Amino acid sequence: DLQPPYGLFQMPIVDLENRNLTKDGREVVLLTNGVPILDSEGKLLGYRGVNKNITERKLAEEEIKRRGEELEALREISLAVTAQLELDEVLQSVVERGCRLLDVRAGDVYLVDEERGDLELVVSYGYTKDYTGTRLAPGEGIAGKVLQSGAPLAVDDYCHWEGRAPDWGAESLTAVLGVPLKRGGQVVGVLDFAEMAQARSFDEHDVWLATLFANQAAVAIENARLFEAEQRRLQMTSTLQEVARILSSTLDLESVLDTILEQLGRVVDYDSAAIFLLSDGLLKVVAGRGFPDMEQIMGMTLSAEENSLFRQICREKRPLVLADAQKDERFLGAGGTGYVRGWIGAPLIAQGEIIGSLTVDSRQPNAYDEEIAQTVFLFASQAAMALENARLYEEARRRLQEITTLYEASRACLS
């Protein structure tokens, strides 16, 4: 006898959830409650009860459960991302984990280039080729429009979207979602998620989830940037200390000048550089490196009063940066320096007095920013100290030579 135990037929049905299909194929969830109907001998004749349609409630419960699982996944992803401090690793992790969270095949992250005002793609993931280095202007493509508006943007059919960027023509993109990365209300980048070769539509929930993730990602990116900046600062501090030790190791002026330009390459990339010393209102090039015609540069003199760039450096006692020297009328271009684009001028200050300037040149426009200029300024302070020590040493040696000569002359007269 394969029938269930007899007593089971006599038990009431209490809150039994069961799934059923309607005639038109829809699934409904019913909550059944009932009591058995028995004959005089206790045999089961049937059940009497009610079915309640709880389909909407179950869907809501499943949605709540799904969102809870997504939030937990988001929490775990955020913890994993924020635990990393290397910027490149953080950016790669943000894109890969974000794609898994949104269940898409590809993604990328653009960061704002503050100097140029546009976007540069720094991580490309899941596409048929690497798009790293791709640039978008504000308003161009999804990322450009997100940068412009500061709000998320979803497109269901990117390949036929009139605002698509031309660089992505080789990809079979369907749905694409872009969300802003913000720091203090300012857009610092854009995170893109893309589906390929199959239909997909990003709904409000996807946008909400991606935005939450982007907020966490922006914090992780900023932390990594701060960590990287601090590491650079510590490294630069160590380098400058080492440079100071090297510069102070000699008191010979020619050696000091040569060492300054040699060590300068440790703190900043440059194509050419020069040391000007101030004497009697004239700036004289006493050392140079990297110029096409060194003979034309060496010994060249300029009027300090007529050099507006030097006057500003003297007045402010701080470095000056030119994004493009050839577009600045104050840049004289003397000594065949028509190739110079990026430029830094830093004062050489010894005992509170300006004794000259250190200039750093690049063939590339926008090569230098204020952070680099401050590093050059710190270096110039060390250089000025070394130059002043060498000058004092030369002066002391000359005076000693004069005293020695007078002494020997006196002895010759007395003998």
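What you're looking at is a predicted model, where local features need pLDDT of at least 70, side-chain atom pairs count only at pLDDT 80 or more, and totals for chains, interfaces and linings use all residues. Residues are numbered from 1 along each chain as its sequence is written, and side-chain values use heavy atoms, with hydrogens and water left out.

Let's start with the sheet. Strands of a sheet pair through backbone hydrogen bonds, either parallel or antiparallel. Here, six strands form an open sheet in the order β12-β11-β10-β15-β14-β13, and the pairing is antiparallel. Because β12 (301-303) and β13 (320-322) sit at the edges with a single partner strand each, one side of each has no neighbour in the sheet. From one strand to the next, the twist averages 25 degrees. (Helices, H or I of at least four residues, and strands, E of at least two, are DSSP runs numbered from the N terminus; two strands pair if DSSP finds at least two bridges between them.)

Now zoom in on β14 (residues 342-350), which runs antiparallel to β15 and is joined to it by nine bridges. Take P347: its bridge partner in β15 is S357. Helix α5 (residues 253-264) packs on the sheet and touches β10, β11 (282-289) and β15, with its direction at about 60 degrees to that of β11. Contact means heavy atoms within 4.5 Å, while axes are lines fitted to C-alpha atoms, for helices over the stretch in contact, and angles run from 0 to 180 degrees between N-to-C directions.

Next, the pockets. On a 1 Å grid over the protein atoms alone, a pocket is an open set of points where a 1.4 Å probe fits, with protein on both sides within 12 Å along at least five of seven lines; lining residues have an atom within 4 Å of a point. The largest pocket has a volume of about 1200 Å³ (the space filled by probe spheres set on the points, which are joined across faces, edges and corners). Of its 33 lining residues, E228, R232, D369, E371 and I372 are the closest to the centre. Helix α4 gives the most to this lining, with 12 residues.

The second largest pocket has a volume of about 230 Å³. Its lining includes L277, I354 and R391. Helix α8 gives the most here, with three residues, while β10 (272-279) and β15 (353-362) each supply at least two.
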